[in-house]
Amino acid sequence: MHHAEHVMGTVVSIDLADDLPAATLQSMIGDVCAWLHEVDRRFSTYRDDSEVSRFRRREIDLADCSPDMRHVLEACADLWRETDGYFDAYAAGPLDPSGYVKGWSVEIASARLAQAGSAHHCVNGGGDIRARGLTAEGKPWRVGIRHPWEADKLSWVLAVTDCAVATSGSYERGEHVFNPRSGGPARGLRSVTVVGPDLALADAYATAALAMGEPGIGWLAKLVPDGYESAVVTDDGRAFSSPGLPAAV
Amino acid sequence: MRRSTAAAVGTLTGAALIVGVRLSVSAPAVPTAAPPAVDLAGSGQDADPTKKPSKKPAGSDSGSDSGSGDSGSENSGSSGEAGGTGLADGVYKGSAVKNPYGTIQVSIKVQGGKITAADATYPTTADSATINPPAIAALKQETLQAQSADVNAVSGATFTSESYVKSLQAAIDEANA
């Protein structure tokens, strides 16, 4: 069963491949959509009444924040350390954890689906993908990485089962990723894709690498022992990939 | 001769620093096994010149496991304490220091009050590969492809609700609807 939901300023595509009754699949989709809207209400920086906006205006203390908010803030702090400051929820000035929240919300959505009994699904939250199991045809999920210049072409095709694929790029929303060292927009890389077990981390790593520019290519290589592979395209059209990238044959 | 000795000691010190053995200042924690002949750390290489160095290799101030003699140190019995290290001639072995990669023991040979040779024993088991980890597998450059292929989903930079409409993902969603 397939469903596309407009939420969080983007579109989340849900593809359930389980051999389960339609009513069950429908209710699973309903639960995922409810979760995504809850995340939107809590974390959208475009909503004045969201928890993140109220926290930014200091109307609430950290101690008053929800468990999900505290988790996100803690994760952003950990990632700030882990990426040497290149993943920075405060990069644009006021707190904006969106770079973590999108991947995290899809990772949680997939976990909720699994808990509800879906062993085979693929959820794509605006380009951040979490796959589990196999397609209805019993094959690994084929995930294409969008070409960074030609919107209707793919630069890589991956074959994944239980895996996350996150891409950070400068070709959609322009210069939205900052390099904290230069103080300006990130330069050097046009597209970074990270593939690994956790979508929240993959998303943050991709964003951090994009912020680093070309040195990000070397930094991404260090993630390989932890199970995170990557594919990168530079601003001048050079392509790089890690040896273990799960390319489809 | 002096230069090569200095080089040898320098190399040894460098190697010792890499594995975390301290040759001077305070005594390192001595493990309960392997009693050392002389605790080099306590024997005053950097010591107060007014302090009289001990003549015997064993029985220094480290205080542990006194006197067991399996260190193999020799005493050539010649000139002794004058100048340099202030140690009597002989071969001195440092404390055997355990670290995650094995046990390292450093030894020096003193002649005429000066260090004339230095050596270290270090682990040679497979674990020592962790001291020199395999090189990080770098990302390899390749040709940027532009293909059209049948896929279940497309990963790209976050599209907005508006740009979604024209995206590959939208085409897939429509085909599956």
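**Exercise 1. Find which residues sit on the face of α3(A) turned away from its buried side.**

*Solution.* That face carries the exposed residues A:Pro67, A:Glu74, A:Ala77 and A:Arg81.

A word on the model: it is predicted, so local features need pLDDT of at least 70 and side-chain atom pairs pLDDT 80 or more, while totals for chains, interfaces and linings use all residues. Residues are numbered from 1 along each chain as its sequence is written, and chains are lettered from A in the order in which they are written.

**Exercise 2. Now locate the buried residues of α3(A) and what they pack against.**

*Solution.* Start with the buried set: A:Met69, A:Val72, A:Cys76 and A:Leu79. Next, look at their partners in chain A: α1 (22–43), α2 (51–56), α4 (98–116) and α5 (199–212). Finally, step past the helix to A:Asp84, whose phi is positive, near 60°.

**Exercise 3. Describe how chain A meets chain B.**

*Solution.* First, count: 55 residues of chain A and 35 residues of chain B take part, contact meaning C-beta atoms, placed from the backbone, within 7 Å. Strand β5 (residues 141–146) of chain A gives the largest share of chain A's side, six residues. Then follow β5(A) to strand β6 (residues 153–155) of chain B: they pair in the parallel sense over three bridges, where pairing needs at least two DSSP bridges. There, A:Ile145 stands opposite B:Ser155.

Conventions: Contact = placed C-beta atoms within 7 Å. Helix = DSSP H or I, 4+ residues; strand = E, 2+ residues; numbered from the N terminus. Buried ≥ 20, exposed ≤ 12 C-beta atoms within 10 Å, placed from the backbone.
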